[in-house]
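Subject: Structure handover

Hi,

Here is the structure I promised to pass on. Please open it alongside this email; my notes follow below.

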Amino acid sequence: MAGFSLQDLDFENIRIAISNPQTSGAGQWAMLALYGSKIRSGASKEEAFEYLSEVYDEFIYCSSNARIAFEEFIESDTDLLFSYEAFWARE
């Protein structure tokens, strides 16, 4: 995945799993990474928040912690898992 960017994601066409950001620090950090990626690309705070609002409903929420979310990802058919440390994608 050389050259991969969060901006390259098409949230409507891939299944993305994330730890629930309402109960998981890992999920909160993943959402912050998405927000920050928009800010770093030159978006305003309002544009970055709107982006988060748009993609929020596209996620498939996993368990309330990162370890269980990773185990669920391994056993599921989702394409990508966001975590606070990294992301995992299927080839």
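Start with how two of the helices meet. The buried residues of helix 2 pack against helix 1 (25-40). Keep in mind that this is a predicted model.

**Helix 2**

Helix 2 covers residues 45-56, twelve residues in total. From first C-alpha to last, helix 2 reaches 16 Å, close to the 16 Å expected at 1.5 Å a residue. Its buried residues are Ala48, Tyr51, Leu52 and Val55. Viewed down the axis of helix 2, these buried residues fall within an arc of 100°, so they line one face of the helix. What does the face turned away from the buried side carry? There you will find the exposed residues Glu46 and Phe49.

Aspartate 57 sits in the loop between helix 2 and strand 2 (60-61). Is aspartate 57 buried or exposed? Its relative accessible area is 64%, and exposed means over 50%, so aspartate 57 counts as exposed. Its C-alpha atom is 9.9 Å from that of glutamate 12. Along the chain, aspartate 57 and glutamate 12 are 45 residues apart.

**The overall fold**

The chain contains three helices and four strands. Their order along the sequence is β-α-α-β-α-β-β. The chain has 91 residues, and 34% of them count as buried. Take the contacts in the chain with a separation of 6 or more: 57% of them come from residues 24 or more positions apart. The chain exposes about 5800 Å². Carbon and sulfur atoms supply 50% of that area.

**Salt bridges**

How many salt bridges does the structure hold? There are two. As a reminder, side chains of opposite charge can pair when their charged atoms come close.

Arginine 15 is partly exposed, at 38% relative accessible area. Aspartate 77 counts as exposed, at 53% relative accessibility.

The salt bridge between glutamate 71 and arginine 67 has an N to O distance of 3.0 Å. These residues lie four apart in helix 3, so about one helical turn separates them. Glutamate 71 is partly exposed, with a relative accessible area of 37%. Arginine 67 is exposed, with a relative accessible area of 53%.

The threonine 78 side chain makes a polar contact with the side chain of serine 76, at 2.9 Å.

**For your first pass through the model**

- Helix 2: look at the buried face and at its packing against helix 1.

Best wishes

Key. Residues numbered from 1 in each chain as written. Predicted model: local features only at pLDDT ≥ 70, side-chain atom pairs only at ≥ 80, totals over all residues. Heavy atoms only, no water. Salt bridge = Lys/Arg side-chain N within 4 Å of Asp/Glu carboxyl O. Buried < 20%, exposed > 50% of the residue type's maximum accessible area, 1.4 Å probe, protein only. Contact = heavy atoms within 4.5 Å. Areas by Shrake-Rupley, 256 points an atom, 1.4 Å probe, with all protein chains shown as cover. Expected span 1.5 Å × (residues − 1). Arc of directions from axis to C-beta. Polar contact = N/O pair within 3.5 Å; in protein donor to acceptor, adjacent residues only side chain to side chain.
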